[in-house]
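Biologist: I am new to this one, and I would like to learn how to read it. Could you take me through it step by step?

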Number of protein chains: 2
Amino acid sequence: MELNERQTKIIEIVKNNEPITGEKIASTLGFSRATLRPDLSLLTLSELLIAKPKVGYFYNAHRVDPFIIKAIKEKKVEDVMSVPVIVSSNTSIQDTIIKMFLEDVGSVYVTENHSLIGLVSRKDLLKAVMGKMNIEEMPVSMAMTRVPNVVYVLSNDSVEYATKKLLAHEVDSLPVIDNSDGKGSEGLKVTGKFSKTLISRLFLNVIENEI
Amino acid sequence: MELNERQTKIIEIVKNNEPITGEKIASTLGFSRATLRPDLSLLTLSELLIAKPKVGYFYNAHRVDPFIIKAIKEKKVEDVMSVPVIVSSNTSIQDTIIKMFLEDVGSVYVTENHSLIGLVSRKDLLKAVMGKMNIEEMPVSMAMTRVPNVVYVLSNDSVEYATKKLLAHEVDSLPVIDNSDGKGSEGLKVTGKFSKTLISRLFLNVIENEI
């Protein structure tokens with residue numbers, strides 16, 4: 001919504017003097033109350049100002065840009081995803097754990113010929129170690145959750161859809177698969193990671209009205 | 001914002017027929033275009049309808065309740081927190097790992113005389129196991145992060161503040177401490193858990209406009 005100069009001035013006055021009556025705003029600007037009526041009703045209707053009877057006008061600091069949610073809804077996974085940590089399927093469980101500590105991530109994606117074949121989380125690795133697996137010799141593929149049981153999203157899925165999927169499956173992150181070439185034959189090409197950390201950052205952006 | 005019956009009808013018509021011209025809305029309702037002018041300008045100013053010149057009116061499905069962000073900002077940690085999993089400090093590391101698997105959580109809070117003394121995550125436990133600790137004998141207090149190095153929030157902190165704290169410290173969850181009695185002498189009484197999962201759910205609520 002575009003405001004004219006007078007409307008912008010009114011907002012400034014209210015911001016600095018709230019609560020302030022219509023009469024007071026008018027006298028500050030040197031206009032009559034009647035002249036300002038259309039401006040004040042526009043600013044109230046658009047919820048930039050809040051009018052309290054017998055008190056005056058307040059500035060609505062919590063007014064949300066009405067398009068902020070639209071902007072978020074239009075965001076694709078590829079717009080927000082982070083860089084995934086990947087190991088090849090013949091990496092030992094021990095080396096995978098070390099890599100996880102070095103990179104400080106909670107899950108690692110396992111590939112074979114650049115295609116996603118599985119996912120291993122701290123929980124899977126803890127289970128492997130507790131189950132007395134020979135972690136120095138055994139490959140990570142013995143401890144991982146294997147495709148097709150891995151839940152993933154596509155790079156052009158919406159952030160909203162990915163968030164729902166992540167919550168529904170109760171996982172901390174989802175591998176992002178690039179399907180831009182439209183070919184399924186070459187397997188699942190991992191290009192990113194969609195996580196609760198990303199969502200938490202987006203949440204903060206939304207409530208601070210900064211997209 | 002309260003709509004009258006005619007305004008509600010206009011919204012219904014636009015929803016079902018968008019884009020639709022002012023003339024068409026007027027003829028559907030059996031009013032003149034001039035009669036509807038104030039309603040249409042109110043609905044456009046409040047951004048419930050979007051007017052496109054030479055095309056007509058659209059319903060703004062992405063319009064956000066301007067108070068939704070205010071509602072979220074006013075939420076306290078205690079309004080959204082979940083139930084924490086707690087072990088006492090003399091529990092063995094092995095029993096703690098088992099408890100973590102049974103409850104399917106990523107971190108467990110450690111208490112002594114009902115006061116928080118530490119926090120242990122899957123990462124800490126994996127480290128303990130890899131470090132060849134005697135996990136059957138050793139108490140969890142040997143593997144945990146100890147207070148005062150544990151980052152926590154108070155039950156009456158805002159959700160916004162807690163989200164910032166969680167992201168700043170790069171942790172998955174924060175213990176929630178009840179400070180309602182105002183006494184520090186009895187230690188930190190854990191009453192909840194604030195996690196990225198909770199934030200992700202709030203995020204979904206906000207973008208679906210359902211608080």
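Predicted model: local features only at pLDDT ≥ 70, side-chain atom pairs only at ≥ 80, totals over all residues.

Biologist: Now for helices. At what angle do α1(A) and α3(A) pack?

Modeller: Look at the angle and at the distance between the axes. Helix α1(A) and helix α3 (residues 33-45) of chain A pack at about 70°, and their axes are 10 Å apart. Angles from 65 to 115 degrees count as roughly perpendicular, so α1(A) is roughly perpendicular to α3(A). On the α1(A) side the contact is made by Arg6(A), Gln7(A), Ile10(A) and Ile11(A), while α3(A) brings Thr35(A), Leu36(A), Asp39(A), Leu40(A), Leu42(A) and Leu43(A).

Biologist: How do the residues of that contact divide by class?

Modeller: The contact of α1(A) with α3(A) has six nonpolar, two polar and two charged residues.

Biologist: How do α6(A) and α7(A) pack?

Modeller: In chain A, helix α6 (residues 93-103) and helix α7 (residues 122-130) pack at about 140°, with axes 11 Å apart. This makes α6(A) oblique to α7(A). Their crossing is left-handed. From α6(A) come Ile93(A), Ile97(A) and Met100(A), and from α7(A) come Arg122(A), Leu125(A), Ala128(A) and Val129(A). By class, six residues of the contact of α6(A) with α7(A) are nonpolar, none is polar and one is charged.

Biologist: What about α8(A) and α9(B): how do their axes cross?

Modeller: This pair joins two chains. The axes of helix α8 (residues 159-168) of chain A and helix α9 (residues 196-207) of chain B come within 10 Å and cross at roughly 140°. So α8(A) is oblique to α9(B). The crossing of α8(A) and α9(B) is left-handed. In α8(A), Val159(A), Glu160(A), Thr163(A), Lys164(A) and Leu167(A) meet Thr197(B), Ser200(B), Arg201(B), Phe203(B), Leu204(B) and Ile207(B) in α9(B). That contact has five nonpolar, three polar and three charged residues.

Biologist: Let us turn to charges. How many salt bridges does the structure hold?

Modeller: Side chains of opposite charge can pair when their charged atoms come close. Over all chains, the structure holds 21 salt bridges. In one, the side chains of Glu12(A) and Lys15(A) meet at 3.8 Å, N to O. Glu12(A) and Lys15(A) are three residues apart in helix α1 (residues 5-17) of chain A, so about one helical turn separates them.

Biologist: Finally, the backbone. Is the peptide bond from Glu18(A) to Pro19(A) cis or trans?

Modeller: The bond from Glu18(A) to Pro19(A) is cis, with omega near -10°, and Pro19(A) lies in the loop between α1 and α2 of chain A. In chain B, a cis peptide bond joins Glu18(B) and Pro19(B), with omega about -10°.

Biologist: And where does Asp104(B) lie?

Modeller: Asp104(B) lies in the loop between α6 and β4 of chain B. Although Asp104(B) is not a glycine, its phi is positive, at about 50°.

Terms used
Residues numbered from 1 in each chain as written. Chains lettered and ligands numbered in written order. Heavy atoms only, no water. Axes fitted to C-alpha atoms, helices over the stretch in contact; angles between N-to-C directions. Helix = DSSP H or I, 4+ residues; strand = E, 2+ residues; numbered from the N terminus. Parallel < 35°, antiparallel > 145°, perpendicular 65-115°, else oblique. Left-handed = near helix turned anticlockwise from the far one by under 90°. Contact = heavy atoms within 4.5 Å. Nonpolar A, V, L, I, M, F, W, Y, C, P; charged D, E, K, R; others polar. Salt bridge = Lys/Arg side-chain N within 4 Å of Asp/Glu carboxyl O.
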